[in-house]
Amino acid sequence: MQESMKLSRDEIIICYQEDVARLMKYLSWLQNVSGTATSSIFSGEGIDKSSLTVPVYDSTLLNFVKEVKKTDFLNRNYVYTFSRYRMKTEKDELRVIEACSLQDITVLGDILSKYVIKGDVKGAMWAEGVQNGVYLAVLLKMKELMEIRKPLEY
């Protein structure tokens with residue numbers, strides 16, 4: 001998919017294995033909650049209908065977002081990848097995720113970046129990544145790519 005800066009398979013794994021391992025601790029949680037809402041609107045005592053609504057996010061989701069921000073996957077220029085691969089909808093994102101190879105691991109990071117960076121402005125994006133299954137698809141693909149074994153050499 002990407003022609004820029006080709007690294008060997010081993011170099012890519014060395015580069016990203018810690019970041020992938022850091023995110024893998026959220027895989028089981030994402031498998032359990034993917035497709036469901038991970039945010040709600042605070043409605044405590046004394047809140048009337050004209051009050052400002054305050055969203056409440058799942059604490060594990062917030063920890064996942066913080067963890068993504070600590071990785072090398074976070075890329076503020078993710079929009080260029082979205083343009084290059086013509087990703088406009090979540091179906092496009094899922095299609096690209098499925099087609100990614102180890103050489104395209106930065107594309108997976110750019111898809112994560114969209115939800116994390118946009119979520120800083122519009123928090124609903126964080127929950128949307130869980131609800132539409134993009135976070136789960138990205139982590140499953142990363143896991144698959146990092147576990148691929150070298151073919152036996154004769």
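This is a predicted model: local features need pLDDT of at least 70, side-chain atom pairs count only at pLDDT 80 or more; totals for chains, interfaces and linings use all residues.
Local features require pLDDT of at least 70 and side-chain atom pairs count only at pLDDT 80 or more, while totals for chains, interfaces and linings use all residues; residues are numbered from 1 along each chain as its sequence is written, and side-chain values use heavy atoms, with hydrogens and water left out.

The protein contains 8 helices and 2 strands, where helices (H or I, at least four residues) and strands (E, at least two) are DSSP runs numbered from the N terminus. Read from the N terminus, the order of elements is α-α-β-β-α-α-α-α-α-α. Of its 154 residues, 42% are buried, a term that denotes under 20% relative accessible area, with exposed over 50% and partly exposed in between (1.4 Å probe, protein chains only). Among contacts (heavy atoms within 4.5 Å) with a separation of 6 or more, 74% join residues 24 or more positions apart.

Leu61, Leu62 and Val65 of α3 meet Trp126, Ala127 and Val130 of α7.

Trp126 also takes part in an aromatic pair. The whole structure holds 6 such pairs, defined for rings of Phe, Tyr and Trp (its six-membered ring) with centres within 6.5 Å; planes under 30 degrees apart are stacked, over 60 edge-to-face and the rest tilted. Tyr57 and Trp126 pair edge-to-face, at 5.8 Å centre to centre and 70° between the planes. This pair joins strand β2 (residues 55-57) to helix α7 (residues 124-131), its members lying 69 residues apart. Tyr57 is buried at 18% relative accessibility, and Trp126 is buried at 13%. Elsewhere, ring pairs connect Tyr26, Phe64, Tyr115 and Tyr135 into a cluster.

Thr71 occupies the loop between α3 (59-69) and α4 (78-84). Thr71 counts as buried because its relative accessible area is 6%. A polar atom of the Thr71 side chain lies 2.7 Å from the backbone oxygen of Val68, and the Thr71 side chain reaches the backbone nitrogen of Phe73 at 3.2 Å. Beyond neighbours within four places in sequence, Thr71 contacts Asp19, Arg22 and Leu23.

Methods
A polar contact is a pair of N or O atoms within 3.5 Å; within protein, one must be able to donate a hydrogen and the other to accept it, and residues adjacent in sequence count only if both atoms are side-chain atoms.
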